[in-house]
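Visitor: I'm new to protein structures. Could you show me how to read a few features?

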Amino acid sequence: MSAERAVMMAHGPLHGLLVADFSRILAGPYATMLLADLGAQVIKVEGPGGDDTRTWMPPVRDGVSTYYLGINRNKRSISLDLKDPADREVAIALAARADIMIENFKPGGLSRFGLDFASVSAINSKIIYASISGFGSGAGSDLPGYDLMVQAISGLMSLTGDPDGPPYRAGISVFDVMAGMHATIGILSALHHRAATGRGQHVEVNLLSSALSGLVNHSSGYVAGGTVPFRMGNAHPSLFPYEPLPTADGELIVIAGNDGQFRKLCQVLDLPDLPTDPRFSRNQDRTANREELRPILVERLAKRGKDEWFRDLIAAGVPCAPINTIDGGVAFASSLGLKPVISSGGVPGVRNPITFSETPATYELPPPGLDEHGEEIRAWLLRRN
């Protein structure tokens, strides 16, 4: 497939934009996949050894890491050794043509190749140049940018786990994903500014800042209220019930986010006196007296299974949910008609979460093999030069 044809195939809201993707691992590739799903043409630039996630396995599909497959659809790959003068010229030519460039090298790492923001913007004044790092381009620029480091340093791990147990990491690289989304928001905002002014700019995102923003009520509790939160297991510091509670055959997340929901919960559980009990009548009372309220709820929930309670509580307007494994989550989304699984060139993936009424996401290309499109991309750049 020619580069021009690949551009014409995309008809999403970002159709016509060219993204030079110099990122690897997770945050950058996740951001560029979101852009690609929405119609941008993404050229994935990889070193001779390829993106690290190509080797992160198991699990695998047809010998390819599913980690890599999950964040690299709708892209085309070219392998460039930036230490090689000829390859470096190709990289610079791509940056000169691109609308957007994304990189997550160590801050300043691309300057020796003439691919830093100052160098690229000198030859392409309209470039939206996005840099993703672990700790910013200032005093933290020498720190390696691993999500697990940020989970530790930001304070997230101090909140995750049982009160008397060790701290735990989140089950995914949550701040890599969050930084990828913040980078995408920044890029789209800069594109809007460029449409008004004709000028590009440098967009910088770092995982630690994304983490502190994403800690929301906990970081606000400290900076605005002087309160340092602590691990509470699955409990919520400001609400009760807002946690898993055991039923006859497994745990069920039960949420009473306000007094009305608590009254409905008590109606379904046949506990009519609890909402007027002064220990439990208001949210702050329930939170203060959670150790007295929890066994009352648990005793009643133990009489039936989680799926029965889920059905009846949801029908009554009480938020709740069984705790599924991933297969159960995909199945539940399917049962709601959300169609969570798509195919990009025969490779299953998870649907882009954004729905558009006029310009839907498309899934034209499978995740590329290393340098799969290198020859045609080089030829395309030479023709355009």
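Guide: We'll go through a helix, a single residue, a helix pair and the cysteines. Keep in mind that this is a predicted model.

Visitor: Let's start with helix 2. How many of its residues are buried?

Guide: To call a residue buried, we look for under 20% relative accessible area. In helix 2, residues 27–37, eleven of the eleven residues are buried, so by that cut-off the helix is mostly covered. Among them are Tyr30, Met33, Leu34 and even Asp37.

Visitor: Which strands and which helix do the buried residues of helix 2 pack against?

Guide: The strands are strand 1 (18–22), strand 2 (41–46), strand 5 (75–79), strand 6 (100–103) and strand 7 (128–133), and the helix is helix 8 (174–197). Have a look just past the end of helix 2, too: glycine 39 has a positive phi of about 110° there.

Visitor: What is isoleucine 92 in contact with, leaving aside its neighbours within four places in sequence?

Guide: Its contacts are then Phe113, Gly114, Leu115 and Ile123.

Visitor: At what angle do helix 6 and helix 9 pack?

Guide: For a helix pair, look at the angle and the axes. Helix 6 (residues 147–154) and helix 9 (residues 207–214) pack at about 50°, and their axes are 10 Å apart. Because of that angle, helix 6 is oblique to helix 9. The residues making the contact are Asp147, Val150, Ile153 and Ser154 from helix 6, with Leu207, Leu208, Ala211 and Leu212 from helix 9. By type, they split into six nonpolar, one polar and one charged. As for handedness, helix 6 passes helix 9 in a right-handed crossing.

Visitor: Last one: how many disulfides are there in the whole structure?

Guide: Here we check how far apart the cysteine sulfurs are; a disulfide needs a pair within 2.5 Å. A search of the whole structure gives zero. For cysteine 266, the nearest cysteine sulfur belongs to cysteine 320 and is 14 Å away.

Visitor: Is cysteine 266 buried or exposed?

Guide: Cysteine 266 is at 1% relative accessibility, so it counts as buried. Cysteine 320 is buried as well, with a relative accessible area of 9%.

How values were computed:
Residues numbered from 1 in each chain as written. Predicted model: local features only at pLDDT ≥ 70, side-chain atom pairs only at ≥ 80, totals over all residues. Heavy atoms only, no water. Buried < 20%, exposed > 50% of the residue type's maximum accessible area, 1.4 Å probe, protein only. Helix = DSSP H or I, 4+ residues; strand = E, 2+ residues; numbered from the N terminus. Contact = heavy atoms within 4.5 Å. Axes fitted to C-alpha atoms, helices over the stretch in contact; angles between N-to-C directions. Parallel < 35°, antiparallel > 145°, perpendicular 65-115°, else oblique. Left-handed = near helix turned anticlockwise from the far one by under 90°. Nonpolar A, V, L, I, M, F, W, Y, C, P; charged D, E, K, R; others polar.
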